[in-house]
Amino acid sequence: MDKKWLPLTITLGIAGVAVVAASVWPDDVEKPPLPQSLCHGALSRETAELIDDGQGGEVSAGAWESEVGSNDDGVFKECHVLRADQDGVRRRGVYKLVVEETRSTPGTKKDSVPLGPGFTGWALPDRAEVTLPTGCAARMGSAAPHIKASLDVPSQDEEHLYRRGEKPPVDPDTATRNNATVMREVATRLAERYDCTD
């Protein structure tokens, strides 16, 4: 090689190593994107964020989920949806979603609001329930006649708040609408996932 080209070759070689090093060890490592669904695919992140306890915070991507063995009223899936505290370090439980088999026919609760056409269920500010379409039990591996999903939102428990002399963090009508939206999505997404839509 001609000596006059040697400095250019060395310079290009160093630049190439710098490019490779930059691609292997970037200065600012990006966090992976948050999952777009929670609770075994039953909720989109957007819908999951509707329910809040008045303290804000991002919905946890690592919501604790468990599968429990089946019995007469066996729980298939239980999911605790969490939100990050303001410091971003700790997470607090905001609500619980349980999908379970049941032998009883769907009912309603006093003062509850129906979920709307095409859905069997009801909503209150602190609780809600929806029964999946008839064919879902068998598709989900259950011998029970029904599968229901139930929602529990402790921060909106009116009796508990009354005893403590506190007001609900979210207006009860808004909380009821949000709970109904969550349950409609749970029923729709699970029915699509298990291919058991009516």
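Colleague: By class, how many nonpolar residues does the lining of the second largest pocket have?

Modeller: One polar and four charged residues take part in the lining of the second largest pocket, where Asp, Glu, Lys and Arg count as charged, Ala, Val, Leu, Ile, Met, Phe, Trp, Tyr, Cys and Pro as nonpolar, and the others, Gly among them, as polar. Please keep in mind that this is a predicted model, in which local features need pLDDT of at least 70 and side-chain atom pairs count only at pLDDT 80 or more, while totals for chains, interfaces and linings use all residues. Residues are numbered from 1 along each chain as its sequence is written, and side-chain values use heavy atoms, with hydrogens and water left out. In that lining, the nonpolar residues number 10.

Colleague: Which element gives the most to the lining of the second largest pocket?

Modeller: At least two lining residues each come from β4 (75-84), β5 (91-102) and α5 (172-193), the elements being DSSP runs numbered from the N terminus (helices H or I, at least four residues; strands E, at least two). The element that gives the most, with four residues, is β4.

Colleague: How far apart are the sulfur atoms of cysteine 39 and cysteine 79?

Modeller: The structure holds two disulfides, each a pair of cysteine sulfur atoms within 2.5 Å. Because cysteine 39 lies in the loop between β1 and β2 while cysteine 79 lies in strand β4, this pair ties together parts that are 40 residues apart in sequence. The distance between the sulfur atoms of cysteine 39 and cysteine 79 is 2.1 Å.

Colleague: Is the disulfide of cysteine 39 and cysteine 79 left-handed or right-handed?

Modeller: The handedness follows from the torsion about the S-S bond, which for cysteine 39 and cysteine 79 is about -60°. This disulfide is therefore left-handed.

Colleague: What torsion about the S-S bond goes with the right-handed link of cysteine 136 and cysteine 196?

Modeller: Cysteine 136 and cysteine 196 form a disulfide with their sulfur atoms 2.0 Å apart. This pair links distant parts of the chain, 60 residues apart, with cysteine 136 in helix α3 (residues 136-139) and cysteine 196 in the segment after α5. Cysteine 136 counts as buried at 0% relative accessibility, and cysteine 196 counts as buried at 4%. The right-handed link of cysteine 136 and cysteine 196 has a torsion of 85°.

Colleague: How many residues apart in helix α4 are arginine 163 and glutamate 159?

Modeller: Arginine 163 and glutamate 159 form a salt bridge, with their closest N and O atoms 3.1 Å apart; the term requires a side-chain nitrogen of Lys or Arg within 4 Å of a carboxyl oxygen of Asp or Glu. Arginine 163 is exposed at 58% relative accessible area, and glutamate 159 is exposed at 56%. In helix α4 (residues 158-164) the two are separated by about one helical turn, because their spacing in residues is four.

Colleague: How many salt bridges does the count come to?

Modeller: Among them is the salt bridge of aspartate 126 with arginine 127, whose closest N and O atoms are 4.0 Å apart; aspartate 126 is buried at 13% relative accessibility, whereas arginine 127 is partly exposed at 34%. Glutamate 166 and arginine 164 also meet in a salt bridge, at 3.2 Å from N to O. Salt bridges that share partners join Asp53, Asp85, Arg90 and Arg92 into one network. The count of salt bridges comes to nine.

Conventions
Buried < 20%, exposed > 50% of the residue type's maximum accessible area, 1.4 Å probe, protein only.
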